[in-house]
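Q: Could you take me through the reading of a structure like this one, feature by feature, with the general idea before each case?

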Amino acid sequence: MNGPAGGAVVIGVDDGLLRTPVLDAAVAAAHRLGREVHLIHGHGPAEDGAVRQDDAGLRAEAYLRRTAPGLEVRRTCAEGEEPAETLVVAAEGAALLVLGDRSRRLGSEAGRTTDEVMIRAGCPVLVVGEYREVPGAPRRHAVVVGVDDSAHGRVVLDRALDAAEMLGCPVEAIRICEDVLPVEGGLLRREVDAGDLAEAHGELDAVVRSTAGRSLPVTTRAVADRPARALLEAGRGADLIVVGHRADDGARPPRLGSTARAVLAAAPCPVLVVGPTAGSVGSVAPPGGAERSGVRG
């Protein structure tokens with residue numbers, strides 16, 4: 001591993017029902033990384049000045065100690081602090097931050113907090129939502145990653161390879177040629193021909209070849225589609241989708257870019273979000289000597 005020495009797996013817990021899939025994901029990652037779990041329970045102050053009982057945090061800690069007795073667990077109760085700020089600070093130097101995202105489709109405050117944390121976190125963020133099975137989608141052992149032509153695209157690919165190495169599964173890397181372009185007042189459909197796809201596929205193959213030394217298979221393909229739709233389609237039945245993000249700085253307050261938000265809203269599996277400041281963090285993986293190829297899927 002090349003992550004920070006002693007960097008914990010941090011997990012955010014709020015009040016309400018215990019989200020065991022989120023806790024299980026943190027435990028699995030901590031075991032694979034050989035790290036401790038740092039449980040953060042954030043909530044506002046008690047009403048009328050009453051003493052607030054850290055019930056949700058205690059229940060989460062008890063679950064972790066019961067299901068993973070050999071794992072080192074520490075808990076922090078952050079009463080009266082902004083949940084996003086608490087999680088961002090806790091994630092400094094962490095190996096991984098694990099969050100639930102149960103209420104994103106409802107546009108709740110929880111979803112906005114998750115967005116803010118992902119924008120600011122200095123480590124990769126594994127988002128474990130309440131996913132719906134896609135009817136007829138065959139299960140397969142794979143990590144799906146979207147790799148664009150930016151410098152950050154290489155970082156996102158590296159994080160996907162880290163996760164896949166720990167899971168022992170292949171990577172499916174996708175370069176997306178957008179079939180629409182944003183213009184003032186709407187979208188303009190773009191013609192993507194075979195030459196465009198061949199060029200994009202060749203560029204993606206070159207990026208994959210530059211990651212020499214990874215002992216797992218990687219298949220590559222280029223598709224003409226909208227980025228979120230292509231990743232969601234490719235992620236049907238997979239173990240994990242890995243997506244990079246660059247915050248939409250035009251929004252106030254800043255928010256995740258449209259692709260990351262759309263993938264998180266409808267993902268059929270956990271999503272590893274790699275922000276612009278997460279490139280130096282080491283291997284991560286969610287729960288659950290090969291030749292690298294450039295085969296189109």
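**Cores, a helix and a pocket**

A: In this predicted model, the largest nonpolar core has 46 residues, of which Val-98, Val-143, Val-145 and Val-242 touch the most other members. Helix α1, residues 20-33, gives the most to this core, with eight residues. There is also a second, separate core of 36 residues, which includes Ile-119, Val-144, Ala-230 and Ala-234.

Q: Which residues is Val-98 in contact with, once its neighbours within four places in sequence are left aside?

A: On that reading, Val-98 is in contact with Val-9, Val-10, Ile-11 and Gly-12, with Val-22, Ala-25 and Ala-26, and with Leu-126 and Val-128.

Q: How should I read the burial of α7, and which elements do its buried residues pack against?

A: Burial is judged residue by residue, with under 20% relative accessible area as the cut-off. Six of the eight residues of α7 are buried, so this helix is largely enclosed by the rest of the structure. The buried residues are Pro-227, Ala-228, Ala-230, Leu-231, Leu-232 and Ala-234, and they pack against β6 (143-146), β7, β10 (218-224), β11 and α8.

Q: How is a pocket found, and how much space lies in the largest pocket here?

A: Rolling a probe the size of a water molecule over the atoms shows where empty space is left. In this model about 870 Å³ of space lies in the largest pocket. Its lining consists of 34 residues, and Asp-148, Glu-178, Pro-227, Arg-246 and Thr-259 lie nearest its centre. The elements that give two or more residues to that lining are α5 (151-167), β7 (171-177), β8 (180-183), α6 (194-209), α7 (227-234), β11 (240-244) and α8 (258-266). Sorted by class, the lining has 16 nonpolar, eight polar and ten charged residues.

Q: Is Ala-84 buried or exposed, and what does it touch beyond residues up to four places away in sequence?

A: Ala-84 lies in helix α3, residues 83-90, and at 5% relative accessibility it counts as buried. Leaving out residues up to four places away in sequence, Ala-84 touches Thr-113, Glu-116 and Val-117.

Q: Finally, how many disulfides does a search of the whole structure find?

A: The search of the whole structure finds zero disulfides. As for individual cysteines, Cys-77 is partly exposed, with a relative accessible area of 34%, whereas Cys-269 is buried, with a relative accessible area of 3%.

Terms used:
Residues numbered from 1 in each chain as written. Predicted model: local features only at pLDDT ≥ 70, side-chain atom pairs only at ≥ 80, totals over all residues. Heavy atoms only, no water. 1 Å grid on protein atoms, 1.4 Å probe; cavity = no way out; pocket = protein on both sides within 12 Å on 5 of 7 lines; lining within 4 Å. Points joined across faces, edges and corners; volume = space filled by probe spheres on them. Helix = DSSP H or I, 4+ residues; strand = E, 2+ residues; numbered from the N terminus. Nonpolar A, V, L, I, M, F, W, Y, C, P; charged D, E, K, R; others polar. Buried < 20%, exposed > 50% of the residue type's maximum accessible area, 1.4 Å probe, protein only. Contact = heavy atoms within 4.5 Å. Core = buried A, V, L, I, M, F, W, Y, C linked by side-chain atoms within 4.5 Å. Disulfide = S-S within 2.5 Å.
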